[in-house]
Amino acid sequence: MSTTSTVSAAAVPDSGKGPAAAAAQRAARRRAARVWAGRIGLAVCVIGGWQAFTTWGIVDPFFFGQPSGIWQRLIELFQHGTQFGSFYQNIWTTIEEALAGFVVGALTGVVFGVALGQSRYLSDVLGPYIKMVNAIPRIVLGSIFIVAFGIGVTPKILLAAVLVFFIVFFNAFQGVREVDRNVLAHVRVLGASRTQITRHVIVPSALTWIIASLHSAFGFAIVGALVGEVLGAQSGLGLVIKTAQNNFDPNGVFATMLVIAVIVLGAEWLIGKLEHRLLSWRPPSPSETNAL
Amino acid sequence: MASRNDVATGPGPDTAEHADARIEISGLTKRFLTPAGEVFTALQGVSFTVEPGRFCAVVGPTGCGKSTTLSMVSGLDRPSEGSVKVGGREVDGITEGVSFMFQTDALLPWKTVLGNVLMGPVFRGTPKQQAQASARDWLRRVGLAGFEDRYPHQLSGGMRKRVAMAAALINEPKILIMDEPFGALDVQTKAIMSTELLSLWEQIRPSVIFITHDLDEAVALADQVVVMTSGPGSVKAVFDIDLPRPRGSVQEIRFQPRFIELQHRIWDTLREEVERAYALTAGGTE
């Protein structure tokens with residue numbers, strides 16, 4: 001590879017680095033093309049295989065759905081809605097619940113994480129209890145919330161918030177613990193007060209951790225909202241899924257799943273943007289991989 | 001700011017300001033509890049005095065408690081026994097009017113160069129505009145005009161040290177504490193930075209305690225060199241450096257006969273300690 005490029009460079013001395021750079025660019029483009037070919041090939045294999053196996057009757061589409069049927073169902077859902085109002089309205093209910101739960105959970109998580117991370121006493125007192133609560137399968141709390149708050153949006157928001165809280169909390173807590181001792185000493189000697197230290201050092205330093213946790217946290221917010229809706233609701237994607245399940249309609253379940261995946265991807269993209277904004281001070285490559 | 005003015009308007013502003021900057025370290029002892037539950041004595045009866053406006057270098061083998069001493073002078077840590085007095089007042093809590101320059105980078109990576117430098121005045125309650133003006137002025141003085149909006153990771157090691165220097169000096173400290181500030185720099189950059197430090201120091205004349213492993217650096221910069229022993233740390237000898245000031249380039253001064261003579265005398269004292277400490281650590285790690 002290298003010998004051919006040097007030979008070609010020597011053969012065309014006038015254009016200097018041109019041929020070598022062009023060769024490198026071509027190699028990079030070829031690599032990208034191969035990656036995309038692999039991706040598309042994989043998708044065609046999986047979806048095509050699914051479609052083929054269900055068409056040939058090797059797999060029963062009644063139980064496992066069929067890609068063409070899922071697509072059909074998706075169009076139906078968007079065009080004709082569901083028995084509990086339009087599909088858009090159901091989507092919006094779920095987004096609303098997940099978003100509210102996400103915000104509440106993330107904010108309380110950050111506040112508690114930062115407070116406990118800074119206070120040795122508080123973290124010693126509360127530490128074991130938080131571990132215990134974390135060990136409980138919190139999704140079950142959904143039942144309690146439904147009993148306590150009815151089948152409106154409140155129990156779903158609470159469930160989403162609980163799920164988000166712990167993820168963000170542990171990350172914020174750890175982030176505060178990881179603050180550079182030297183930086184802390186530096187700021188203390190400069191005369192910073194406790195609140196100034198929190199504002200200028202602790203929070204920005206923990207932010208790397210907190211934002212990394214937000215990526216997975218939104219997924220959990222959606223899970224909280226959906227589970228809440230499956231347990232009991234008047235509207236929402238969880239209810240659409242539950243109804244499809246009761247009607248032996250796997251295509252309906254898959255179609256709704258697809259919509260949820262798009263929502264989560266969208267949120268992920270927004271959080272990525274936010275991360276880019278807030279953490280613009282970071283050196284580009286090495287820590288970027290850490291955040292994933 | 002206001003309180004400092006009050007002090008200055010007291011009887012004899014000049015002398016008050018001066019006496020403020022005397023550092024008296026007497027009988028300083030620091031013990032730590034190791035994780036195994038044993039008591040480890042890092043410092044034992046360390047005493048020395050830095051007169052106001054003097055530049056004091058502390059040399060000694062690795063692990064002789066130099067940094068521990070500094071953290072107690074700045075008030076980041078408390079002594080087990082003995083005391084540190086700054087301007088006649090015993091240190092408890094962060095010492096007022098002190099600035100600290102660390103060996104490793106202590107800049108906030110999420111703040112720009114300007115943001116890092118203006119922290120000092122902002123923490124002291126200076127209005128933002130005024131703080132910004134003075135931060136710009138200090139960045140100009142350390143030769144970083146035009147780099148205000150960069151982030152620390154975009155700068156070279158030497159430039160980051162300049163930022164740290166501006167951040168430490170912007171409050172015009174009466175005491176400047178430096179823990180091997182140029183330890184991580186290459187030899188040429190170190191010499192340039194030392195020269196610049198001297199010229200900036202001469203503008204504000206704080207009392208300085210400067211830790212270093214580099215005896216050349218100590219003799220070239222300081223009025224007074226304290227040699228410490230290791231395990232536990234204590235003061236072995238104090239040398240006065242009578243090289244005239246201003247000293248100009250740190251690299252030039254190394255060729256003066258008086259410099260070489262002083263450097264030899266101190267090295268004779270220090271060598272024994274370094275060898276002993278080295279034998280200990282080499283034996284310990286085997």
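UniProt positions are given in the numbering used here, with feature names shortened, and annotations may be inferred rather than shown by experiment. I looked up chain B on that basis: an unreviewed UniProt entry carries the annotation "domain: ABC transporter" over residues 23–255 of chain B.

I note that this is a predicted model, in which local features need pLDDT of at least 70, side-chain atom pairs count only at pLDDT 80 or more, and totals for chains, interfaces and linings use all residues. Residues are numbered from 1 along each chain as its sequence is written, and chains are lettered from A and ligands numbered from 1 in the order in which they are written.

Chain B, residues 23–255. I find 33% helix and 27% strand, with the end C-alpha atoms 32 Å apart. Helices (H or I, at least four residues) and strands (E, at least two) are DSSP runs, numbered from the N terminus.

Chain B against chain A. I list 18 residues of chain B in contact with 15 residues of chain A; contact requires C-beta atoms, placed from the backbone, within 7 Å. On the chain B side, β6 (98–101) and α4 (113–123) are the elements that give two or more residues. That side divides into 12 nonpolar, 5 polar and 1 charged. Ala, Val, Leu, Ile, Met, Phe, Trp, Tyr, Cys and Pro count as nonpolar, Asp, Glu, Lys and Arg as charged, and the others, Gly among them, as polar.

Chain A. I have domain 1 at 2–59 and domain 2 at 67–291, with bounds from an automatic or database domain assignment. Their centres, taken over C-alpha atoms, are separated by 37 Å.

Terms used: Two residues are in contact if their C-beta atoms, placed from the backbone, lie within 7 Å.
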